[in-house]
Amino acid sequence: MNENSCSFHNEKGLRDGQVESVCAAYPPPYDKDTSALRALRGIPISELKNHGILRALTAEANGWEPRVVSAEVLRAQEEWEAVDNIRTETGSQASADQPGQLISFSEALQHFQTVDLSSFKKRIQPTIRRTGLAALRHCLFGPPKLHQGLREERDLVLTIAQCGLDSQDPVHGQVLQTIYKKLTGSKFDCALHGDHWEDLGFQGANPATDLRGAGFLALLHLLYLVMDSKTLLMAQEIFRLSRHHIQQFPFCLMSVNITRIAIQALREECLSRECNRQRKVIPVVNSFYAATFLRLAHVWRTQQKTIADSGFVLKDLEVLAKKSPKRLLKTLEIYLAGVSKGQASLLGAQKCFGPQAPHSKDLTFTGVCDLPPHSSEGMWLI
């Protein structure tokens, strides 16, 4: 028994020694991964991102190599990472409980009613100054003057038109975000500067550069258009028309020009009669803006206009809008009534998408301010 036992232990020891020698000569597979796993021990999870261990495990184990990332994926990643930095750009950090909250027109308007706008108010010219026969003709045959009690509201509208886009103001950024989300259907915020604004019809990556002559009022008008369920359908329809492969036009830039027309109509007292009747100014100006934009879209589609016609179409539209504001407002009323009943729109059904429409910066756009004041060449009746 003792000899057998000794023999057994000797053989076992011999086998163990052979195994150890073999293991020493041939190290176990994935030794690199095992070392990495050992290195992970004792490191807090929050600190792993500061080490290259996880990258080594995924990129080098078993000889796996990461594939080349396409440019589209990189761009998408950059846009996604920009989401976290949006509020930093606007000067404040988004709250964790309400990220990317939309803002209504009334909330944005209230912001301007509470901030100090005295420096901007000094710049406004509430009405057009007329002299000589023009003043006499306007007095005898022109529209009535705006009631005294409505002039403060009128001045607020004109003052907002003097304000630019301030990237440090959170409300300004929130207005832009809301416009972008409502027009595109996106659920996520976007950077306040970037090529995605060209897709909406601004001429560059910074919307602030396209607000000449209309100021922040142009953005408030867009906000009004997209935050009402009825006018939102109209905005989306005009936006689709703006992306037509032949009749494309820069949507937001066109909207800015419509706001310019509304400002001039207000200053020339073309809207005074309707404002006096409703005893309000801002709702009348908003409706006039929407009605004028709707008229432009109808003319653009039915008369097969292109971007080359933009300046002349806008000039004719301005003349009509100032001459017959009541007619335009009635047309808008009929349109919105049809939308509420689910009827076909005034623009009619059409296929607005063909090949990808070019960015607005690639289009030669002529606005209201770019034509001579008395130019009549190339005009059409609307």
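Just after helix α18, Gly 342 takes a positive phi of about 75°. Helices here are DSSP runs of H or I with at least four residues, numbered from the N terminus. This is a predicted model, in which local features need pLDDT of at least 70, side-chain atom pairs count only at pLDDT 80 or more, and totals for chains, interfaces and linings use all residues. Residues are numbered from 1 along each chain as its sequence is written, and side-chain values use heavy atoms, with hydrogens and water left out.

Helix α18 has 16 residues and reaches 23 Å from its first C-alpha to its last, close to the 22 Å expected at 1.5 Å a residue (1.5 Å times one less than the number of residues). Its buried residues (under 20% relative accessible area, 1.4 Å probe, protein chains only) include Leu 328, Leu 332 and Tyr 335. The buried residues of α18 pack against α13, α15, α16 and α17, where contact means heavy atoms within 4.5 Å.

Two helix pairs are listed below. Axes are lines fitted to C-alpha atoms over the stretch in contact, and angles run from 0 to 180 degrees between N-to-C directions.

| Pair | Angle | Axis distance |
|---|---|---|
| α17 (310-323) and α18 (325-340) | about 95° | 5 Å |
| α6 (105-114) and α12 (217-227) | roughly 155° | within 9 Å |

The angle makes α6 roughly antiparallel to α12 (over 145 degrees). Phe 105, Ala 108 and Phe 112 of α6 meet Leu 220, Leu 223 and Tyr 224 of α12.

Key
Helices (H or I, at least four residues) and strands (E, at least two) are DSSP runs, numbered from the N terminus. Angles under 35 degrees count as roughly parallel, over 145 as roughly antiparallel, 65 to 115 as roughly perpendicular and the rest as oblique. Buried means under 20% relative accessible area, exposed over 50%, partly exposed in between (1.4 Å probe, protein chains only).
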